[in-house]
Amino acid sequence: QVHLVESGGGLAETGGSLTLSCAASEGTFSDHRMAWFRQAPGMEREFVAHISWLVGSSNYIKYTDSVKGRFTISRDIATSTLYLQMDSLKPEDTAVYYCAAQPRGSADYVYWGQGTQVTVSS
C-alpha cells in the first residue's frame, strides 16, 4: 500500500512561487504515473499535471491548459518524491492540491494524498 503526503503549500502573492512536494512511502515512482490535482472551493477536483512511467512517450508529461507554462511537474525516483513547481501564481490557483499515483496497468489513480492548501492573494 502506497501512502502519499503533500507539503509545501501556503500563502503566496500574485506572481509569486511555491514548490509542492509529495513524499511516497515506497520507491515505486518508476512504475507509477504520478499526478497533481486540485480542488477549489465550490469546484470539482481537477487535473493539474502528470508525469508518466514511460519516458519519452507523447504523454509523458502533461499539463492542464490553465497552468501550462507556469507550473512544472517533476519527480525524484531515488527519494520517491513528486514535485510541483508553481510560478507566476494567480488567485485562481487557490485550491487544495493533491498528489496521486496510478500504477502501471491500472485504469485509475488509486493512491491519494490528503492535500495541501495553496492560497494566492490578489
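Let me start with a term: a polar contact is a pair of N or O atoms within 3.5 Å, where, within protein, one must be able to donate a hydrogen and the other to accept it, and residues adjacent in sequence count only if both atoms are side-chain atoms. Here's one: the side chain of Thr 14 reaches the backbone oxygen of Ser 121 at 2.6 Å.

Before I go on, a word on the model. It's predicted, so local features need pLDDT of at least 70 and side-chain atom pairs count only at pLDDT 80 or more, while totals for chains, interfaces and linings use all residues. Residues are numbered from 1 along each chain as its sequence is written, and side-chain values use heavy atoms, with hydrogens and water left out.

Back to Thr 14. You'll find it in the loop between β2 (10–13) and β3 (18–24); strands here are DSSP runs of E, at least two residues, numbered from the N terminus. How far apart are Thr 14 and Ser 121 in sequence and in space? They're 107 residues apart along the chain, yet 5.9 Å apart C-alpha to C-alpha. Thr 14 is partly exposed, with a relative accessible area of 42% (under 20% is buried, over 50% exposed, in between partly exposed, using a 1.4 Å probe and protein chains only).

Now the sheet. Four strands make an open, antiparallel sheet in the order β1-β3-β8-β7; strands pair if DSSP finds at least two bridges between them. β1 (4–7) and β7 (71–76) are at the edges with a single partner strand each, so one side of each has no neighbour in the sheet. Six bridges join β7 to β8, residues 81–86, and Asp 76 has Thr 81 in β8 as its bridge partner.

Next, the aromatics. Rings of Phe, Tyr and Trp (its six-membered ring) pair if their centres lie within 6.5 Å; planes under 30 degrees apart are stacked, over 60 edge-to-face, and the rest tilted. There are four such pairs in the structure. In one of them, Phe 37 and Trp 112, the centres are 4.9 Å apart and the planes at 50 degrees, so that pair is tilted. Phe 37 is in strand β4 and Trp 112 in strand β10, 75 residues apart. Is Phe 37 buried or exposed? Buried, at 11% relative accessible area, whereas Trp 112 is partly exposed at 34%. Ring pairs also link Phe 37, Phe 47, Tyr 109 and Trp 112 into a cluster.
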